[in-house]
Each structure stands twice: as structure tokens, then as C-alpha cells.
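User: I would like to go through some labels attached to this model and the values behind them. Please set each value against its cut-off.

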Amino acid sequence: MKRKEEPLLSVLIPVYNVEQYIENCLESILNQEYTNLEIICVDDGSTDSSGQILNRYSKKDLRVQVIHKENKGLVNTRKVAISVASGEYVTCVDSDDWIEKNMFRDMIDFAVLYDADIVTSGCIREYTQGRSIDGDLFKPGLYEGKKLTEEFKSRMMEKDVGFLQNVKTTIWGKLYKTELLRKYQNQVEDYVNVGEDAAVVYPCLLNAKKIYVSGNNYYHYIIRQSSVSTTKSRKEEKSLKCIEKILEHEFKKNTLVIANSEYQYKAISLFNRLVVNPESVVKIQNNRVFPYDDILKTDRIVIYGAGRYGKKLYKVLSDMGLHIVAIVDRSLSNETTSFETIDEAEYDKILVAVLKSNLIKEIYNYLLSVGVDKEKISMIKSETVMRYFEC
């Protein structure tokens, strides 16, 4: 019989065509120092050998439960997983990621000791070459009562250049009381195919009574190379509207007690739109490129940043007929140019095509260090957020 301080932890793993990664994921969970687990793997109609691998693991370790179902997407898969979860606490692990062996031990200890509704962890982003730390920016420790309201909930998204998120809004990398996650996961429509984490995590954070920030980075998030679709999608727009409706409701409920509530809702919504569907935001207004108001329609533009957002923005601006000199990035690829090869006379503005505040500042400082005039550098600023919703 397990001691009271060792509650059952339900580990939810949505699985779809990850035969290259799923074994490493499962091994990192089965080898956890904390062993009182039920591991619920939901195979969302995989067409590779993922399902067979899951079956093999379920025979090897009785803690592994496998559910096979027809393909209905990530939101539905998570709903199925949490519907059968019987643990007092629950956590989510994506099937292509892996975790440190002390993650569950530490997070359960924090949850039990402080009766926390949520325990957070940052992550280590694993690239093909190299890695980077992506942790929560809040000071580690317990947030409850006035401290939770004023120092955490009022500062999840802060005003800055770009978007400054003090807490990671991924559903993974956190431990939740099961009923809290179940409630807010079930309110998201199955058709949502983008921003599905934010639609669940923000309501959970806003309605939690106690949140413990671990200050640790237990979770290894694998960055997989994939092509970025630039095709307009009605389904994506429908998803964004669903998410915006959920977030608006949850933030408005808390307007009287949470400072900065309106800004946070609007900043999160704009961030999601820029990531998923920038063509719904980027436009020409008064001969300037919104939301980069210091760029004129006639300017010669260098786009700095070839990530998902940068690639989509390049396509949107090109389709609008703007003069794109080049797309550059620190990590060179077939699609990018080395910034050092571009003469200053060839461009009027450098558009920093990243959204996260820390990366914008890093690129800005680099450009200054190589002699770029600061007046030539264009970035998204916090005042843009409010003006977008006034349009």
C-alpha cells in the first residue's frame, strides 16, 4: 500500500506516428525515481509502428495502458486520455520528448508539500545541433493568495518589445490536480488544431489557488525539422476564434482582481494569430506595414529570422508585393542568407521576425554590435497589441 504522500500520478501521452521517438520517451518515464504511475498512451490512429511499440511496452510493464482509436486529432486524444485518468495528479508528456529521471519525484514532492494545484517546470529545447534553456521567468517558490494574484496571474504576459511570457504555456512540463486539467481540457472543441495548449493552460493557471514554480528544467523538448505550411486554413481561423473566446471569458472573469488582465488576453491572442495566421494581422495602413509601423510600403526589407513565424511572414509580405532583399538567420539553411554578406546600402529596414522578447533583444543587440543603425531595426512593441484590437 502506497503512503499518503505518494499519490498516484497519471501520465498522459498522446501518440501519432512517432516510431522514431516513442521508445526513448517511454524509457524516460518508466525509469523515473517516482514509481507510483499509471501511464496512459492513446494512439490516435497511427499508420506507422507506434501502436505496436506501445503494445509491447504494455506487456512489459503493467503501469502502461494503451488505447487505440481512430484519428481525431490532439485535443480529442487528450480528452480520451484524461477521461480514464484515476490519479490524484496528472501530467502530460509529448511522445517525441523525454524527461529527467527526477522530474516526477520532485514535482510530486512540491505538490504534496504545498497542496499545489499546479507545479511548473521549464524545458531544455533540443535541436539537431545544440540545445537551449527555456525556463519560467518567475522566481521559484509557492504562489498563493495575494502573491498569486499580484505577482503571478497579473504578470503571465508582460508589456515589452515582442511578447514576454513569464510562464511557459505548454500543457507539458507541468503537474496538475487531475480535476483542474480535466475541466479545462474538456471545454476545448475537438476541431481546434492550433494553440490547443494555451486554450487549456491559461484557464488552469487563472483558476488555480496555489501554483508552485519549481525553477527547474526537467523536460526535454525535441525540435523536429518540418516544413511550414503557408496555406490559408479555415480550420485554423476557426480554431483561433474558439481559443480567443475561451481566453476572453477566463480573463474577463478576473478583470477586477488581476491587474493587466485586458492586455494579457489581447497579447496572447495576437501572439497566437501571428504564429498561426499572420496574414490575418499583417496589413498596409497609411503606407506603413502593420504591426511594424516604422516600415514603409516602399522600403527594401531584410527579414531576420527563419523560424516558423519568419517563414510565414516572408510569404505574407512577398504576396503583398513588398521588396524583400533577403531572409537571414544565424542558422543558415538553403532558404537563408548570411547577414554578413548583405551590404547596408541594399536595404532600408531590418525586420526582426521573431516574437519572443528575449530573442528579439538578443538579435537587436547583435545587430547593434555589427554596426547597424538602430533606426533601421524594426520590432513589434507592446503598444502594437492594444492598437491591433482597436482596428
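Analyst: The model is predicted.

User: Why is Tyr-309 called buried?

Analyst: Its relative accessible area is 6%. Buried means under 20%, so Tyr-309 qualifies as buried.

User: Which residues does Tyr-309 touch, not counting residues up to four places away in sequence?

Analyst: Tyr-309 touches Leu-274, Pro-278, Tyr-292, Ala-353, Val-354, Leu-355 and Ile-380. Of these, Val-354 is 45 residues apart from Tyr-309 in sequence, with 6.6 Å between the C-alpha atoms.

User: What makes the pair Tyr-309 and Tyr-292 a polar contact?

Analyst: The two side chains make that contact at 2.9 Å. The cut-off for a pair of N or O atoms is within 3.5 Å, one able to donate a hydrogen and the other to accept it, so the pair counts as a polar contact.

User: How do you know that strand 2 and strand 3 pair?

Analyst: Strand 2 (residues 37-44) and strand 3 share 6 bridges, in the parallel sense. Pairing requires at least two bridges, so these strands are paired.

User: What makes strand 3 an edge strand?

Analyst: The open sheet has 8 strands in the order 3-2-1-4-12-6-13-9, with mixed pairing. Strand 3 (64-69) and strand 9 (141-144) each pair on one side only, and these are the edge strands. From one strand to the next, the twist averages 20 degrees.

Technical notes: Residues numbered from 1 in each chain as written. Predicted model: local features only at pLDDT ≥ 70, side-chain atom pairs only at ≥ 80, totals over all residues. Heavy atoms only, no water. Buried < 20%, exposed > 50% of the residue type's maximum accessible area, 1.4 Å probe, protein only. Contact = heavy atoms within 4.5 Å. Helix = DSSP H or I, 4+ residues; strand = E, 2+ residues; numbered from the N terminus. Axes fitted to C-alpha atoms, helices over the stretch in contact; angles between N-to-C directions.
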